[in-house]
Amino acid sequence: CVAKNEEGYSARSDLEVSVMEPPQIVPFTFGFESVNEGKFVQLVCVVMAGDEPIRLSWSLKGDEVSSDPVLSTTLLGTRTSMLTISSVGHQHRGTYTCRASNPAGTVTHSADLNVNVPPRWTVEPTDKQFAQGSDAKV
């Protein structure tokens with residue numbers, strides 16, 4: 001690079017320009033419209049392009065996911081993160097989002113998990129006895 005002023009003085013210097021590429025995530029889904037309670041599911045978030053370092057994280061309904069005995073996240077190398085639910089429950093339903101970021105930018109991709117849960121009584125019915133011909137109210 002050369003810079004000159006009005007009086008003819010000049011200065012010269014070398015500089016290096018680095019152009020970084022933001023991450024790109026390979027689209028993913030759970031593979032099913034809904035999953036039965038108790039089943040195993042997993043998502044794999046792969047960053048196919050973008051300069052390192054890349055930070056990967058997962059969120060559910062906007063809150064960052066933290067591992068517990070049933071739900072875990074595992075970093076596989078520097079460009080892949082796996083989210084695993086060993087036994088799906090009603091509390092796992094919602095939108096899961098993988099977020100990939102580097103100094104050039106941030107991208108996200110999301111997948112919805114719908115969970116089929118068997119019906120449960122909110123108030124268990126009890127047997128009632130009524131005389132034949134009388135009015136009954138349940």
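Predicted model: local features only at pLDDT ≥ 70, side-chain atom pairs only at ≥ 80, totals over all residues.
Residues are numbered from 1 along each chain as its sequence is written, local features need pLDDT of at least 70, side-chain atom pairs count only at pLDDT 80 or more, and totals for chains, interfaces and linings use all residues. Side-chain values use heavy atoms, with hydrogens and water left out.

Start with the sheet. Strands here are DSSP runs of E, at least two residues long, numbered from the N terminus. Two strands pair if DSSP finds at least two bridges between them. Strands of a sheet pair through backbone hydrogen bonds, either parallel or antiparallel. Here four strands form an open sheet, in the order 3-5-9-8, and the pairing is antiparallel. Strand 3 (24-25) and strand 8 (71-76) are the edges, each pairing on one side only.

Now look at strand 9. Six bridges join strand 9 (residues 80-85) to strand 5 (residues 41-49). Ile85 of strand 9 is the bridge partner of Val41. Six bridges also join strand 9 to strand 8. There, Leu83 of strand 9 partners Thr73. Strands 8 and 9 form a hairpin with three residues between them. Gly77 sits in the turn, with a positive phi of about 75°.

Move on to Asn102, in strand 10 (residues 94-102). A polar atom of the Asn102 side chain lies 2.9 Å from the backbone oxygen of Glu21. Beyond its neighbours within four places in sequence, Asn102 is in contact (heavy atoms within 4.5 Å) with Glu21, Pro22, Pro23, Gly50, Asp51, Pro53 and Ile54.

Note on methods: Polar contact = N/O pair within 3.5 Å; in protein donor to acceptor, adjacent residues only side chain to side chain.
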